[in-house]
Structure formats: C-alpha cells, structure tokens
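Please examine the sequence and the structure before reading on.

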Amino acid sequence: MKITSTKLKDCYIIEPQIFGDERGYFFESFHLKKFTEATGLAVNFVQDNQSSSTYGVIRGLHYQKGVHAQAKLVRVLSGKVIDVAVDLRPDSETYGQFEAVELSAENRRQLFVPRGFAHGFSVLTQSAEFAYKCDNYYNKESEGGIKYNDPELNIDWQIPAGKEIISEKDQLLPLLSDLKKK
C-alpha cells in the first residue's frame with residue numbers, strides 16, 4: 001500500500017498494491033496498522049456508505065460539525081470521479097485550500113479526508129459507484145456545506161457549464177467567505 005501526502009496536512013492519497021493473474025485481482029483496500037504507521041493518525045472507522053450517481057452529478061461540498069465531525073476514506077468501485085477535499089480547520093495553514101484527485105475503478109486510488117474538511121465529488125463517466133468509510137456516525141443536525149461553485153475556491157469539477165446536476169439542497173449552501181464570518 002502506497003500512502004502519499006497531499007499539500008493539505010493529514011490528507012492522503014492511498015494506492016493499493018494489486019495482485020493479479022488470469023483469474024482476476026486482489027488488493028487490500030485498507031490496513032489500519034500500515035495506515036497508522038505511515039501517517040501517524042489514529043482512525044476507527046464505524047460506518048460505511050455507498051452511493052450511485054450519473055454523469056454530471058456534483059455532490060458536496062459537505063461536512064459534519066463539532067463532535068460529529070467525520071474523517072472519511074473514499075474510493076470509487078465503478079466509473080470515475082473528481083474527488084475534492086477542502087481544509088476548513090480554522091488554525092490550519094492550508095485553511096480554505098483544496099485537493100482534487102481523480103479516483104476511478106481503474107486506478108483504485110483512495111483519498112483520506114480528515115476531520116475538519118469539506119468533501120465532494122463530480123461524476124465524469126456515465127455512472128459511478130462511490131464508497132466511503134467514516135470514523136464517526138452521521139448526525140443530521142451537524143450537517144454543513146459550502147457551495148460547489150464558490151468563486152473563492154474555483155474548483156474545476158471537469159463538468160461543462162450547463163451539464164452539472166446539483167441537488168436543490170447543495171445549490172443553497174453558503175460560500176466559504178460566509179463560514180469565515182462565523
């Protein structure tokens with residue numbers, strides 16, 4: 001398992017070692033001991049989630065606040081996405097910066113998104129199956145988010161203008177600058 005730091009502290013790209021032959025393949029998608037040794041982070045995943053989306057869907061940017069904050073380990077089971085993590089930790093030197101990574105069934109990359117980050121993704125193929133582990137349980141009252149097209153972030157979701165599919169809820173999310181005022 002190859003674990004690579006991103007420009008954002010505590011945010012990592014994980015690439016498994018693939019063992020394949022004429023029968024197919026096998027890989028270890030997560031190994032707690034190896035992850036902890038490589039990152040120095042202690043995580044305890046308690047919830048697994050999976051979603052399916054079609055081309056043009058942009059989900060996010062979402063996060064959980066306070067004691068319900070979640071770290072996530074995200075990956076794509078089929079299709080291809082641009083996955084985005086935004087650092088929202090007030091004391092972080094990379095506050096307001098983001099990392100965008102292509103995750104696909106083909107490259108089998110994963111992204112570890114630490115607590116205190118917003119997260120989202122856009123679907124670049126006809127459809128995509130997306131799976132993620134969380135280290136804390138979802139709590140509706142602790143939901144937060146940032147608008148996907150925030151001009152301050154200027155994220156390239158790689159979806160042409162007019163082809164985006166955004167939920168009504170996500171269209172109403174505040175801008176990053178609105179969070180800074182709080």
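This is a predicted model: local features need pLDDT of at least 70, side-chain atom pairs count only at pLDDT 80 or more; totals for chains, interfaces and linings use all residues.

How do the residues of the lining of the second largest pocket divide into nonpolar, polar and charged? They comprise 6 nonpolar, 3 polar and 1 charged.

**Second largest pocket**
- The volume of the second largest pocket is about 180 Å³.
- Its lining consists of Tyr63, Gln64, Lys65, Gly66, Ala69, Leu88, Pro90, Tyr95, Gly116 and Leu179.

**Largest pocket**
- The largest pocket holds about 660 Å³ of space.
- A total of 32 residues line the largest pocket, and His62, Tyr63, Glu143, Lys169 and Asp170 are those nearest its centre.
- Two or more lining residues come from each of β5 (47-54), β6 (58-64), β11 (117-123), β12 (127-134), β13 (143-145) and α2 (168-171).
- Strand β6 provides the largest share of this lining, with 6 residues.
- By residue class, the lining of the largest pocket has 12 nonpolar, 13 polar and 7 charged residues.

**Cysteines**
- The whole structure contains 0 disulfides.
- The closest cysteine sulfur to that of Cys11 belongs to Cys134 and lies 14 Å away, so the separation is too far for a bond.
- Cys134 likewise takes part in no disulfide, the sulfur of Cys11 being its nearest cysteine sulfur.
- Cys11 counts as buried because its relative accessibility is 1%.
- Cys134 is also classed as buried, at 0% relative accessibility.

Notes. Residues are numbered from 1 along each chain as its sequence is written. Side-chain values use heavy atoms; hydrogens and water are left out. On a 1 Å grid over the protein atoms alone, a cavity is a set of points where a 1.4 Å probe fits but cannot get out, and a pocket is an open set with protein on both sides within 12 Å along at least five of seven lines; lining residues have an atom within 4 Å of a point. Grid points are joined across faces, edges and corners, and a volume is the space filled by probe spheres set on the points. Helices (H or I, at least four residues) and strands (E, at least two) are DSSP runs, numbered from the N terminus. Ala, Val, Leu, Ile, Met, Phe, Trp, Tyr, Cys and Pro count as nonpolar, Asp, Glu, Lys and Arg as charged, and the others, Gly among them, as polar. A disulfide is a pair of cysteine sulfur atoms within 2.5 Å. Buried means under 20% relative accessible area, exposed over 50%, partly exposed in between (1.4 Å probe, protein chains only).
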